[in-house]
Amino acid sequence: QYNYFKDRGIPNPKPIFPLGNFWGVGLSVHFIHRVNEIYRQFKGKAKICGFFVTTIPAYIALDIELIKNILVKDFDSFHDRGIYYNEKADPLSAHIFSIAGEQWKTLRQKMTTTFSSGKIKAMMPTLNKISEEMTEVLGEYADEGKTLNYRDMASRLMCEIVGEIAFGIKCNALRDPNCEMMVLSDFLSIKDMKQRVMYLFSNAFPEVCRKLNIQITPKDVQHYFLKIINEAIEYREKNKIRRNDYFDMLLQLKNEGKLDGDVTNVGRISHTDMLAACFVFFVAGFETSSTALAYALYELAVNQELQDRTRDEIEKVLSNYDGKVTYEALMNMNYPGQVISESLRKYTPGNVLMRKCTKEYKIPDTDIVIEKGRMVFLPMHAIHNDPEYFPDPEKFDPDRFSPEMEKERNPFTFLPFGEGMRICMGLRFGLIQTRLGLVSVLRKYRVTLNEKTVHPIRLDPKDVTMMPYGGIWLNTEHI
Ligand code: HEM
């Protein structure tokens, strides 16, 4: 089995039975560090290399042109992510991030309009109310001179937003770090060994697992989310409640097949689609946005000059909007936007993009043929930290994203939201909520590094997300 790549003339790091190239991953080595090591070992020597997830061969694309082809030009051969889902046994798993083929295409077409700028604008009053509550909580920490784990606070902010916007409930995460949704969010880290083995197994043998009706969403998570979503559907339908939130839009799609004010009828979504669409907001939007915000604040705490510049730019832009944090004001915040981009570069929350080969694929100008069914990983965190594309990659430098610098760069070297037909569906919303978080903190407070933070940051190897070991502890001072 371990001769798979050798027989095909494709370079690969030496595997050792039975874990292949996964020894230590999830225990002493973070998954992304192993991928980065392999990228650095073979980059420049080949367009693609192989590695073994236990005994299963998978690819890592090393060449930017090949990455572009996989994501865009040859999408036809790579339209799925190869993630296990099971509509019947595990309805929450069948969300748009995981589902495949025609089923994905139809649902994506129906759901695209839910993230238009007009729809997000309508959600701004709710977002502003939540950010004001966070500002109040931070004020209490500032008054008492207590340090705060901003990695956790960023998650609590995003949890509160997801609760209100996607589930129509107030989960009180800003005041209560142990609220149910926050506690359950732990499953996203896949730290539990049994859960990790289940993920590996179900993605390696999806057909077997489908036949056996294997459920990968933990039972307590499934129970909680099905309950709150079904209750909210019933309550809103019975009482004819209308609100400007994502949940309302999904209800419109479920019941009418189109959104209020839209002319085109895109077709109704099923009840199961609705359940999974609420859940995907949590799975795809919560951890990513909070990671981007927390690391941006960490870097600005380390570099006070950058923090002052960011704050000045925020005030300058807001002065054109009567000091109000509107959708347009957030979209026009160029430098704070660059700070978020730099955070997404250095700490890329979606650290590898995944594609499953859905139709045999010959890599242009080579003899290499990728078989149908094989997984290909696109190592975006490694590319974002490659000195060839981002000189001195350890340096946090938002000027890398000035319009002039961006023009000079191959756009496929910076893909924090992915690219092509499966690009992040919540991109605009993700940017808005992250910028809103940054603005809300910096307008009123100065953050400085507390000695409790492990500095420089080390990732927690047991976590699949970009979780900093020990948290990001910052002091909060009134401006
Ligand atoms: C800063 C915040 C965010 C980042 C960095 C991010 C990143 C990503 C990445 C890397 C992907 C994979 C793209 C690919 O494979 O080409 C993705 C997909 C996705 N994201 Fe986001 N995301 C963010 C926020 C959000 C939010 C707020 C939502 C809200 C629902 C969301 C929903 C999705 C969905 C549904 C997909 C799957 C799209 C599909 O397969 O058709 N994301 N995101």
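Author: Let us begin with a definition: a residue is near a molecule or strand if its C-beta atom, placed from the backbone, lies within 6 Å of it. Before we apply it, note that this is a predicted model, in which local features need pLDDT of at least 70 and side-chain atom pairs count only at pLDDT 80 or more, while totals for chains, interfaces and linings use all residues. Residues are numbered from 1 along each chain as its sequence is written.

Reader: Which of the 26 residues around the ligand come nearest?

Author: Those that come nearest are G285, G350, G418, G426 and G430.

Reader: Which helices each supply at least two residues of the shell around the ligand?

Author: Helices (H or I, at least four residues) and strands (E, at least two) are DSSP runs, numbered from the N terminus. Here α13 (271-302) and α19 (427-444) each supply at least two residues of the shell, and the largest share, 7 residues, comes from α13.

Reader: How many residues of each class does the shell around the ligand have?

Author: Ala, Val, Leu, Ile, Met, Phe, Trp, Tyr, Cys and Pro count as nonpolar, Asp, Glu, Lys and Arg as charged, and the others, Gly among them, as polar. By that division, the shell around the ligand has 15 nonpolar, 8 polar and 3 charged residues.

Reader: How are α13 and helix α16 placed relative to each other, and at what angle do their axes cross?

Author: Axes are lines fitted to C-alpha atoms, for helices over the stretch in contact, and angles run from 0 to 180 degrees between N-to-C directions. The axes of α13 and α16 (residues 334-347) come within 8 Å and cross at roughly 105°. Angles under 35 degrees count as roughly parallel, over 145 as roughly antiparallel, 65 to 115 as roughly perpendicular and the rest as oblique, and α13 and α16 are therefore roughly perpendicular to each other. By class, their contact has 8 nonpolar, 2 polar and 2 charged residues.

Reader: How do β1 and strand β2 run, and how many bridges join them?

Author: Two strands pair if DSSP finds at least two bridges between them. In this model 6 bridges join β1 to β2 (residues 56-61), and the two run antiparallel, with V53 opposite I56 in β2. They form a hairpin with 2 residues between them, and T54 in the turn has a positive phi of about 55°.

Reader: In what order do the 3 strands of the open sheet lie?

Author: The order is β3-β9-β8, and the pairing is antiparallel. Because β3 (148-149) and β8 (445-449) stand at the edges, each with a single partner strand, one side of each is left without a neighbour in the sheet. Between β8 and β9 (residues 473-478) there are 5 bridges, and T448 stands opposite N475 in β9. Helix α6 (residues 124-144) packs on the sheet, where it touches β3, β8 and β9, and its direction makes about 90° with that of β9.

Reader: Where is F75 found, and what is it in contact with beyond its neighbours within four places in sequence?

Author: F75 is found in the loop between α3 (64-73) and α4 (101-111). Two residues are in contact if their C-beta atoms, placed from the backbone, lie within 7 Å, and, leaving aside those sequence neighbours, F75 is in contact with G420 and M421.
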